[in-house]
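Welcome! Open your viewer, get your selection tool ready, and follow along from stop to stop.

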Amino acid sequence: MDNDILNNLTPEQIAAILEENARLKEENKTVKKENSSLKQKNTKKDKKLKVKDDIIKQQSEELDATKGELREAMRKLQKALKKIETKTHIIKLNNHNKFYSTKEDNKEPVVINEAEEHAKKKCGRPKGSKNFESLDLESLTSKTIINDSVSICDNCGATMNKIRDDVSYKIEVKPAEYLVTKIITPIYSCKKCGKLVEALSTSVFNHSACTPSLAANIINAKYDLGVPLYRYSKYLNDRNIPLSTMTLSNYVLATDELLKPLYDLLYKSLVNCSSKVIHVDETPLEVLDFAKEGKKNGYIFAYVSSYYDNPIYIYSFNKTRETEETKMLLKGYKGYLVCDGYAAYNDVASDNVKIQRCLVHVRRYFYDIVKTTPSKLLKGSVAMEMVNKIDKLFHEEARFSELKLGPEAIFERRHSEGYQLLVNDMYEYLHSINAEVGTPLAKAVNYFLKVEEETKTFLLDGHVPLSNNICERAIKPFTILRRNFLFSKNVKGANGSARLFSLIQTAKANGLVPEAYLNYAINSIGKIPLEDLLPWSNKIPSSIKSLNQ
């Protein structure tokens, strides 16, 4: 404060100023204390708020993590439910196939009450029919026994009148005879020059004990009746014919080598078939020697002629399921190949070979769903609707067969307005299906879509069928017999099995008795033109034709 101002102030004023100054200092201290207190309180609040914010942030993060875990859990649950649904479908399908007939009735695809259906059918032979009417045992009768009763009535003593004959037949078994023939061939030596002379053997098996009839019997037992060689060896030994399994195997391989030219001619006839349609299917075959290469199975491929050609069944062994050998076998072939949905057949397709995928395989995927669907849900079933649409095509094809239409007439019918409406309706319905991913229905739809274009090839030629049923039936006998002989030891054995099986199945398809045909072929090969040995040749003796034809 300026001295001039202080000098002009009275003592009382100076005291008042000092007092006011002291009071202001006290107030200032109080304000500072309050500010300090407020600051401390605000700091505590900030800390509490920060803690709350941290807690809220942590809880939010935990909630997000929980939601993520929940979403993952729901995804896994949905995946598990789909697996359960698929397994349930498979279990139901297996149970259905186990306890119900696999034969499908196009008019009634599903029999709901099987017991009731069977109850409608009466047992026994039809009224008015005779014993053994369906069997032609009369032509096979070697002796007749008249079992006559007394002709005098034991009640009144009068002579009895013959009303009719009660005829029955009895079939007895005569064990097979094995005849051993001793052949002596003198060997002469020239006294002058020492030249040796011996009559030439007429046996196709040279010095072997095997004969055409024995070879035919062994091969028929294995490849038609499904008797493994070790069992057949035991059968022979029980009848005092001491032939080991190894010996029988050598006879089989020798016969295969002998008949290979006939197999090659069958194959050539198939590739040059007039209808230009070949069916193909495949099945695994275990080969023991493959274990050295770290694998187990090879594959038997079956190639079958169409209904418009002579029946030809060619079986070929492949080391893998790849179709390279199929391409080699069909080299030079121009026509159609009917097969299932196996993708490797795409490699066979070319400008010369067009693929027809089997519509029965397509139908089967949808029908498997139908078989496991409760009857009350069938009415609105997408799978059932697709089965019905496919069946309409097959019903039309069945009508063509009933009318005995030729390929040209069938081609015209397939391009008629009514038939085309059925075809278009089927494919339009396929594209309208919205199936949930991972379900059996989605699997069926995706399979159909994958082969869609190649299921339309039948529209190009009346010779081409909608299905591969003929080849499926051809592969089935091999799969059944495989349960008995189980495997081949090596590739040579597998190839031999395929060739001999080809001859047997082709003979059967042409109405011949396989064993008799093999016996005739073995005896005749090299002596008559090979074409005359083809199973459909008119030079084949009638004696080896089946009585059932």
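Before we start, keep in mind that this is a predicted model.

**Stop one: helix 9.** Select residues 382-402, which form helix 9. This helix has 21 residues and spans 30 Å from its first C-alpha to its last, close to the 30 Å expected. Now colour its buried residues: among them are Ala-383, Met-384, Val-387, Ile-390, Leu-393, Phe-394 and Phe-400. What do the buried residues of helix 9 pack against? Show helix 8 (359-371), helix 10 (407-414), helix 11 (417-432) and helix 12 (440-451), and you have the partners.

Next, visit both ends. At the start of helix 9, look for Ser-381: a side-chain oxygen of this residue comes to within 3.3 Å of the backbone nitrogen of Ala-383. After the helix, click on Lys-404, which has a positive phi, near 55°.

**Stop two: helix 11 and helix 12.** Two packed helices are described by the angle between their axes and the distance between the axes. Helix 11 and helix 12 pack at about 125°, and their axes are 10 Å apart. The two helices are therefore oblique to each other. Select Met-426, Tyr-427, Leu-430 and His-431 of helix 11, then Val-445, Phe-448 and Leu-449 of helix 12, to see the residues that make the contact. The crossing of these two helices is left-handed.

**Stop three: Ser-275.** Go to the loop between helix 6 (245-271) and strand 3 (277-287), and select Ser-275. Is Ser-275 buried or exposed? Ser-275 is buried, with a relative accessible area of 3%. Its side chain makes a polar contact with the side chain of Asp-309, at 2.4 Å. Residues that Ser-275 touches also include Ser-306, Tyr-308 and His-463.

How values were computed. Residues are numbered from 1 along each chain as its sequence is written. This is a predicted model: local features need pLDDT of at least 70, side-chain atom pairs count only at pLDDT 80 or more; totals for chains, interfaces and linings use all residues. Side-chain values use heavy atoms; hydrogens and water are left out. Helices (H or I, at least four residues) and strands (E, at least two) are DSSP runs, numbered from the N terminus. The expected span of a helix is 1.5 Å times one less than its number of residues. Buried means under 20% relative accessible area, exposed over 50%, partly exposed in between (1.4 Å probe, protein chains only). Contact means heavy atoms within 4.5 Å. A polar contact is a pair of N or O atoms within 3.5 Å; within protein, one must be able to donate a hydrogen and the other to accept it, and residues adjacent in sequence count only if both atoms are side-chain atoms. Axes are lines fitted to C-alpha atoms, for helices over the stretch in contact, and angles run from 0 to 180 degrees between N-to-C directions. Angles under 35 degrees count as roughly parallel, over 145 as roughly antiparallel, 65 to 115 as roughly perpendicular and the rest as oblique. A crossing is left-handed if the near helix is turned anticlockwise from the far one by less than a right angle, and right-handed if clockwise. Lists of a residue's contacts leave out its neighbours within four places in sequence.
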